[in-house]
Amino acid sequence: MALLEVRDLSVVFSRKGQSPFSAVDGVSFSVQPGQTVGLVGESGCGKSVTSLAIMGLLPRRSARVGGSVAFEGTELFSLSDKEMRDRRGKDLGMVFQDPLSSLNPVVPIGLQVTEVLERHRGMARKQARAEATELLNKVGIPDPTRRLSEYPHQLSGGMRQRALIAIALACRPRLLIADEPTTALDVTIQAQILSLLKELVAGTETALIMITHDLGVVAGLCDEVNVLYGGRIVERAERHELFAAPRHPYTHGLLDSIPRLDAARGEKLSPIRGSVADNIPWDGGCAFAPRCPNALRTCVEVTPELEWHEGRLLRCHNPVQPAALGVGSKEAR
Amino acid sequence: MLRFVARRLLQAIPTLIILSILIFAWLRSLPGGPAQALLGDKWTPEKEAQLNATLGFDQPIWLQYLKFLGRAITGDFGNSSVSGLPVLQEIGQGFAATIELSFFAIVIAIVLGIPLGYLAARFHGRLLDNLTVIGTLVGVAVPVFFLGALLKFVFADELGILPPSGRQDVTINATTVTGFATVDGLLTREFDATWDALLHLILPSIALASIPMAVIVRITRASVLDVLDEDFVRTAESKGLTTQVIRRRHVLRNALLPVSTTIGLQTGLLLAGAVLTEKVFNWGGLGSLLAEGIERKDYPRLQALILLAASVYVLVNLLVDVSYAIIDPRVRVS
């Protein structure tokens, strides 16, 4: 049985006086114990909303959630608020994007770690403090005993993110969701945090959902990658396959827009034109069609379905041909 | 923390000195003067000159100021030109009355204002919230003296359940120790006196609390709404903490930062409202001394009163800064 089974997840935001906005639209994927799955896409593609929906953290008044999320066979959406609280932080841990704003500025780091231990592992304050020291040590924070009584503003960005990871992993959750955990950090720190995450989940039963816009992060970490566009999965493949031969024009564009060290001098970057539209019209053809170099007439008339295509899932009428990859790809446009 | 407090107290000294110069100059630039006010109908230029000489108002302003400063340092603020009594003695009687009233008013404003503001934010956009917002608008808009007179009319004159004026029933015959009627009753174990003083305090302190409470409700509400959107609240939720812990530890503590600043500012403004409230309820605090002092151009009394008010303001804001440093580690000075 899969650890996490997301089926046909949809999230619609509604606000007074505005037309409802569909942020996630029929997303399905599963995560096996110990597996690392990537959710990749640019801002507004629905990747963060997907993770918040799984955690049950979307505002109940403005977000309408549909579909199903089963965790070890239990349907999370049918749990009461209290039952969900009992699981969050214990079975499901989450690391957020901006470590400074994600930590409470007026509460010492120590208490922010121990409160979750006291809540879910029933530890007394003293025992929880000892465990917290241990945890901070494990995530590579030097002098953990002193750090426990310090406040977030006294720690560096990397330290703060390490502290957040320690908090998320404090109760040894079976699933860890990392939402852009390196975006707000310096490049050198990014690498450290990624290898820390890798080290912490490798060889354990803890599964990891890695949410990122950065394919470099995915390349070093994920077993399987889901590429999202406009609230839907457009391509899913095993990591090596995806990088060797991205078939969706969007995935291809994402890979192509990464600056390369081995590129010839003076060669221009190739960005994907345009940006994600506010409300994604999947009902009238492919949402990516207006930005797609491969778009055909069918693309704007018939909405593509997510279908098996040479060993991977693909939502495209006119996928990129493997032969057109690499140097040839630019001429192909 | 001690060094922080000491430094802030030292900073208050130049503030008060500059203020005393301004008051001194301002009072003497007003038309008329104490001599004119005292003489009234019997005024002649000769008599005024003579009286000014007696009171020392014929000397150059700077000399008058230096003399005032010299005496003030030793705690002598001169004698009132109206009653002839030492100003400090005069003020001493009214001071306890005004402080007692203001204290109860600000306590009511805080104790009711913060929970109400919090509840309004929690039920944001719903009936309770809308009622609160409307209520606070009314609270800010209704003048203190009007609300005071209204409360007095309903609860004292019509219903007769609360005393209409004064600080204490004269028949109680309470012993005065500190001048704070409620405290004195406790100290001398005359509990009926404390109870009576409390009954007398209800209406005026509610009237006086109305504006600061409305402001505190609004600031608390806005501040809680802001904090609820913060990332760290989402982190707290992601840890599966109980709602009580999230509210107390993560939301309210952060939301109280702007509220504490507001409380400081409102406490300062309270003194102005106290003058009006005291008038309505015949309270006998500093308000009547101040009003009479302005009317009769009583320089020594006004100087002392304004400086006292300023000192209280400085002190309250020091307390606010200290509370700020307690709540928020980021402003603590190492």
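Analyst: A salt bridge here is a side-chain nitrogen of Lys or Arg within 4 Å of a carboxyl oxygen of Asp or Glu. The model is predicted, local features need pLDDT of at least 70 and side-chain atom pairs pLDDT 80 or more, while totals for chains, interfaces and linings use all residues. Residues are numbered from 1 along each chain as its sequence is written, chains are lettered from A and ligands numbered from 1 in the order in which they are written, and side-chain values use heavy atoms, without hydrogens and water.

User: Why is the pair B:R8 and B:D321 called a salt bridge?

Analyst: The closest N and O atoms of B:R8 and B:D321 are 2.0 Å apart, which lies within the limit of 4 Å, so the pair qualifies. Across the interface of domain 1 and domain 2 of chain B, the rule finds one salt bridge.

User: What makes domain 1 and domain 2 of chain B separate parts?

Analyst: Chain B is divided into domain 1 (2-74) and domain 2 (88-333), with bounds from an automatic or database domain assignment. Their C-alpha centres lie 31 Å apart.

User: How do you know that the two domains of chain B touch, and how much area do they bury?

Analyst: With contact meaning heavy atoms within 4.5 Å, 22 residues of domain 1 of chain B are in contact with 15 residues of domain 2 of chain B. The domains bury about 1,800 Å² between them, 78% of it on carbon and sulfur atoms, where buried area is the accessible area (1.4 Å probe) lost on being put together, summed over both. In domain 1 of chain B, B:F4, B:R8 and B:L27 lose the most area to domain 2, together 28% of what that side buries.
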